[in-house]
Amino acid sequence: NPSGTGYVDYVLWDDNGKPLAIVEAKRTTRGYDQGKHQAELYADCLEKEFNVRPVIFLSNGYENWIWDDEAYPPRKVLGFYTKESLQKLFFQRREKESLKLAEVNKEISGRYYQVSAIRRVGERFDEGHRRALLVMATGTGKTRTAISICDMLLRKKWAKRILFLADRNALVKQAYRSFAALLPEIPIVNLVEEKNDDAARIVFSTYPTMLNQIESLEEGKRKFDPGHFDLVIIDEDHRSVYNKYQAIFDYFDSLLLGLTATPKEDVDHDTYHLFNAEQGNPTYAYGLEEAVKDEFLVPPKT
């Protein structure tokens with residue numbers, strides 16, 4: 001509706017005539033959040049008329065924010081969701097179940113600390129946090145734990161598509177093989193070696209490959225919109241990835257899970273900051289000393 005004050009508000013509609021999203025647009029000389037209250041009133045009116053609450057986007061042309069006020073506070077995004085991604089979000093609103101007591105597939109991750117890590121991540125996401133960090137010693141099954149978390153999020157309708165990122169082809173292939181063996185019914189694709197398959201539920205990629213995917217266009221459109229993935233997993237091999245490929249984490253508006261074998265006291269501040277965790281306090285930690293004490297690992301010998 002033209003407001004007469006130099007900006008236009010938009011409503012995006014579903015095929016069934018229900019509102020999916022509204023865009024409250026302000027002049028570039030004004031703050032993106034100056035229309036926040038007005039957008040909330042629009043959403044109230046549409047919800048009252050159509051019995052569904054649309055997602056709110058706030059924009060001044062330079063900054064864009066998404067506000068799904070039934071679940072999260074406003075957060076910055078680098079672009080708008082496509083219609084398909086909005087429909088997926090509405091499906092998850094209706095269908096997703098609590099993660100706090102979600103069943104863990106112990107054939108994938110049966111060790112007590114793996115189950116504890118999975119439950120803690122589920123609790124954190126259930127509490128409204130969007131980022132989690134697992135610090136687990138090499139050999140304690142970080143990938144298996146991540147596979148169980150994916151299994152939980154897929155079963156409980158929190159995720160439809162998941163992105164797994166690693167910094168080397170060998171690590172991508174290794175993770176791909178593990179997921180294929182332990183979640184054989186889930187379609188997966190390795191972007192380093194294959195073209196993207198729209199049917200794939202879990203996508204594997206190196207950081208440079210995914211950055212190229214984000215930046216490339218097909219028929220004038222990006223291959224992936226910011227809402228394409230519901231969870232991004234970062235398999236950290238060295239900490240420089242956070243600075244070098246920050247654009248990937250900024251672009252995808254998803255839940256974020258970090259995996260690292262670095263002892264929690266050695267993880268740098270930037271890593272904790274990326275995952276919204278206090279320094280030295282990850283979502284869950286299981287170190288080398290604990291694993292040796294529990295006899296899951298042996299101490300190193302020189």
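Strand E12 (residues 231–235) runs parallel to E13, and five bridges join the two. Within this pairing, Leu231 has Leu255 of E13 as its bridge partner. The model examined here is predicted.

E13 also pairs with strand E6 (residues 131–136). This pairing, too, is in the parallel sense and spans five bridges. Here Arg131 stands opposite Leu256 of E13.

The burial of E13 was examined next. The strand covers residues 255–260, and six of its six residues are buried. E13 is therefore largely enclosed by the rest of the structure. A residue counts as buried when its relative accessible area is under 20%. In a regular strand, side chains alternate between the two faces of the sheet. In E13, Leu255, Leu257 and Leu259 point one way. Leu256, Gly258 and Thr260 point the other way. Residues on both sides are buried.

The structure holds one cavity of 30 Å³ or more. The largest cavity contains about 30 Å³ of space. Its lining is formed by Arg161, Asn196, Asp197, Asp198, Ala200, Val203 and His228. By class, three of the lining residues are charged, two are polar and two are nonpolar. Arg161, Asp197 and Asp198 count as charged. Ala200 and Val203 count as nonpolar. Asn196 and His228 count as polar.

Conventions. Residues are numbered from 1 along each chain as its sequence is written. This is a predicted model: local features need pLDDT of at least 70, side-chain atom pairs count only at pLDDT 80 or more; totals for chains, interfaces and linings use all residues. Side-chain values use heavy atoms; hydrogens and water are left out. On a 1 Å grid over the protein atoms alone, a cavity is a set of points where a 1.4 Å probe fits but cannot get out, and a pocket is an open set with protein on both sides within 12 Å along at least five of seven lines; lining residues have an atom within 4 Å of a point. Grid points are joined across faces, edges and corners, and a volume is the space filled by probe spheres set on the points. Buried means under 20% relative accessible area, exposed over 50%, partly exposed in between (1.4 Å probe, protein chains only). Helices (H or I, at least four residues) and strands (E, at least two) are DSSP runs, numbered from the N terminus. Two strands pair if DSSP finds at least two bridges between them.
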